[in-house]
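Subject: Handing over the structure

Hi,

Here is the structure I promised to pass on. Have a look at it first, and then read my notes below.

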Amino acid sequence: MGGQKDQGPILGEAKEVSIPELDVMVEIPGNLIVNGFGLNVELEGNLHATRGQDHEGTQMVVLKGDVGVRQGTLKFMNNVFDVARADIRFNRAAPPNPNLDVVLSADVSGYLIFLKVSGFADAPKIELSSE
C-alpha cells in the first residue's frame with residue numbers, strides 16, 4: 001500500500017540444523033527411473049547415508065557408495081545421447097561432491113559424437129570428441 005512493493009517474507013539468520021544419528025543403507029537393484037530435464041535413465045547401485053559435518057562443523061548427511069546407469073538417454077542440444085557409461089562415486093564428502101565418470105554418445109549427421117564428463121561434480125572436466 002502507499003506505493004510500496006511487496007518484497008516477500010523477511011528471512012532471519014540461518015539456524016543450524018540438527019541431523020539425527022543416521023545409518024541407512026540404500027540398495028538400488030535397478031528399475032529406478034529418473035526422468036526430467038532431458039534425462040531418462042535407469043539407476044542401480046548402493047549408497048550408505050550417515051551423519052557427518054563439513055570443515056566448519058555444520059551437520060549434514062554424507063554419502064558413500066556408487067550409483068551407475070544401466071541404460072538411458074539425455075536430450076542435449078537437439079540431439080539424443082545414449083549413455084555408454086555412467087558411474088557416480090560418493091566418497092563421504094561434506095557436502096556431497098561425487099566423482100563422475102560419464103560417457104554419452106550420439107549419431108549426429110553421420111558422425112559419432114562423444115561427450116565425456118569426469119572429475120568431481122563441483123568442477124567437472126567436459127570433453128567432446130567425434131569419429
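Contact here means heavy atoms within 4.5 Å.

Before you go further, note that this is a predicted model, where local features need pLDDT of at least 70 and side-chain atom pairs count only at pLDDT 80 or more, while totals for chains, interfaces and linings use all residues. Residues are numbered from 1 along each chain as its sequence is written, and side-chain values use heavy atoms, with hydrogens and water left out.

**The chain as a whole**

The chain has seven strands and zero helices, so its elements read β-β-β-β-β-β-β from the N terminus on, given that helices (H or I, at least four residues) and strands (E, at least two) are DSSP runs numbered from the N terminus. Of its 131 residues, 27% count as buried; buried means under 20% relative accessible area, exposed over 50%, and partly exposed in between (1.4 Å probe, protein chains only). The accessible surface comes to about 9,700 Å², and 54% of that belongs to carbon and sulfur atoms. Those areas come from the Shrake-Rupley method with a 1.4 Å probe, and for residues only the protein chains shown count as cover. Among contacts between residues at least 6 apart in sequence, 34% join residues at least 24 apart.

**Core and pocket**

Back to L104: which core does this residue belong to? L104 is one of the residues with the most contacts inside the largest nonpolar core, along with L43, V67, V69, F81 and V83. A nonpolar core is a set of buried Ala, Val, Leu, Ile, Met, Phe, Trp, Tyr and Cys residues joined through side-chain atoms within 4.5 Å.

The largest pocket has a volume of about 440 Å³. Of the 20 residues that line this pocket, the closest to its centre are L39, V69, A86, I88 and V102. For the terms: on a 1 Å grid over the protein atoms alone, a pocket is an open set of points with protein on both sides within 12 Å along at least five of seven lines, and lining residues have an atom within 4 Å of a point. Grid points are joined across faces, edges and corners, and the volume is the space filled by probe spheres (1.4 Å probe) set on the points.

What classes of residue make up the lining of the largest pocket? It has 20 nonpolar, no polar and no charged residues. Here Ala, Val, Leu, Ile, Met, Phe, Trp, Tyr, Cys and Pro count as nonpolar, Asp, Glu, Lys and Arg as charged, and the others, Gly among them, as polar. β1 (23-36), β2 (39-53), β3 (59-76), β4 (79-91), β5 (99-108) and β6 (111-120) each supply at least two residues of the lining.

**The loops**

In the loop between β3 and β4 you'll find M77 and N78. M77 is exposed at 64% relative accessible area, and its C-alpha is 10.0 Å from that of G38, 39 residues away in sequence. N78 is exposed too, at 83%, and has a positive phi near 65°.

The loop between β4 and β5 holds R92, P95 and P96. R92 is partly exposed at 42%, with a positive phi near 70°. A cis peptide bond joins A94 and P95, with omega about 0°. Most residues other than glycine have a negative phi, and most peptide bonds are trans. P96 is partly exposed at 39% and, beyond its neighbours within four places in sequence, is in contact with V61 and F90. P96 and V62 are 34 residues apart in sequence, yet 6.1 Å apart from C-alpha to C-alpha.

Finally, A123 and P124 sit in the loop between β6 and β7. A123 is exposed at 55%, whereas P124 is partly exposed at 38%. Leaving aside neighbours within four places in sequence, P124 is in contact with L100, V117 and S118. The C-alpha atoms of P124 and L100 are 7.6 Å apart, across 24 residues of sequence.

Cheers
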